[in-house]
Amino acid sequence: MSFCGVGIVSGRQQLCPVAVATAYSSARRTDRRQSTIDEALGHARNIIDEQGVGAVSISEIARRMQMRPPSLYKYFPSLNALYDRLFEMGNVELSRYVDDARLSREPGLDQLLEQSRAIIRWSMTEPGLAALLFWRPVPGFEPSEAAFAPARAIVDQAREDLATAVARGELSPGVDSEDALRLLTSVVSGIGSQQMSNEPGATYETGSYTGLLDDALQMWVRHYSP
């Protein structure tokens with residue numbers, strides 16, 4: 001029986017060569033696994049861009065990766081598991097985009113309205129992922145709590161901004177309510193849905209419906225003004 005531990009040579013820690021090799025091999029396997037997952041998700045996003053969310057399939061991704069579908073199930077146990085990773089990816093990207101947009105704005109009403117604009121701007125640059133996040137294009141798919149967590153954080157930010165706007169007198173007392181927030185999200189999602197349904201190729205700046213977003217937001221503000 002042989003034993004290899006950690007020794008001290010000339011005041012330096014000496015690692016067991018077998019342990020080092022094992023750790024290195026494990027790290028390489030982890031890297032390869034993550035690389036395969038990232039590649040699969042990249043192909044899935046390409047399919048979404050080309051054909052829409054409903055066109056994603058394990059078999060088509062495997063074909064593009066030149067591997068057999070059963071091999072891909074080692075990384076995604078089901079198609080819904082793949083959609084869950086895409087859902088989480090989209091929410092993380094949206095959250096970062098919204099955070100960046102909020103940086104140059106004052107807390108309260110200014111940040112709340114800019115967050116609403118940012119959600120639509122991002123959605124128009126990523127219409128496929130936006131459809132997965134905001135509509136229900138995949139029958140039977142329900143995102144996991146982990147995948148949904150970034151979206152909850154965005155809503156929590158909106159609640160904080162709404163409360164700040166009320167505290168600063170930008171909106172009427174008592175307006176920091178779920179009804180006011182629901183009305184705001186309905187206005188914003190309505191503009192976004194109309195834009196992407198009727199002019200999917202337009203940009204945020206050129207869209208006929210996104211051009212009405214600020215007017216719609218100001219209608220909401222006037223409704224709840226002091």
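Reader: How do you know what the 17 residues of α5 should span?

Author: At 1.5 Å a residue, α5 should span 24 Å; its end C-alpha atoms are 25 Å apart, so the two values agree. The expected span is 1.5 Å times one less than the number of residues. A helix here is a DSSP run of H or I with at least four residues, a strand is a run of E with at least two, and both are numbered from the N terminus. This is a predicted model, in which local features need pLDDT of at least 70 and side-chain atom pairs count only at pLDDT 80 or more, while totals for chains, interfaces and linings use all residues. Residues are numbered from 1 along each chain as its sequence is written, and side-chain values use heavy atoms, with hydrogens and water left out.

Reader: What makes Asp161 count as buried or exposed?

Author: The relative accessibility of Asp161 is 3%, which is below the cut-off for buried, so Asp161 counts as buried. Asp161 lies in helix α7. Residues up to four places away in sequence aside, Asp161 touches Arg102, Gly108, Leu109, Gln111, Leu112 and Gln115. Contact means heavy atoms within 4.5 Å.

Reader: Which helices do the buried residues of α7 pack against?

Author: They pack against α4 (79-102), α5 (109-125), α8 (178-198) and α9 (213-223). Among these buried residues are Ala151, Ile154, Asp161 and Leu162. Helix α7 itself covers residues 145-167 and reaches 32 Å from its first C-alpha to its last, close to the 33 Å expected.

Reader: Where does α7 bend, and by how much?

Author: The bend is at Ala151 and amounts to about 25 degrees. A bend is the angle between axes fitted to the seven residues ending at a residue and the seven starting there.

Reader: How do the axes of α5 and α9 cross?

Author: They come within 11 Å and cross at roughly 145 degrees. Axes are lines fitted to C-alpha atoms, for helices over the stretch in contact, and angles run from 0 to 180 degrees between N-to-C directions. The contact includes Leu109, Leu112 and Arg117 of α5, and Leu213, Asp214 and Trp220 of α9. Its residues divide into eight nonpolar, two polar and two charged. Nonpolar covers Ala, Val, Leu, Ile, Met, Phe, Trp, Tyr, Cys and Pro; charged covers Asp, Glu, Lys and Arg; the others, Gly among them, are polar.

Reader: What does Ser71 count as, with a relative accessible area of 22%?

Author: Ser71 is partly exposed, because 22% again falls between the cut-offs. Ser71 belongs to helix α3 (residues 69-72).

Reader: How do you know whether Ser172 is buried or exposed?

Author: At 16% relative accessibility, Ser172 is under the cut-off and therefore counts as buried. Ser172 lies in the loop between α7 and α8. Leaving aside neighbours within four places in sequence, Ser172 is in contact with Val166, Tyr224, Ser225 and Pro226.

Conventions:
Buried means under 20% relative accessible area, exposed over 50%, partly exposed in between (1.4 Å probe, protein chains only).
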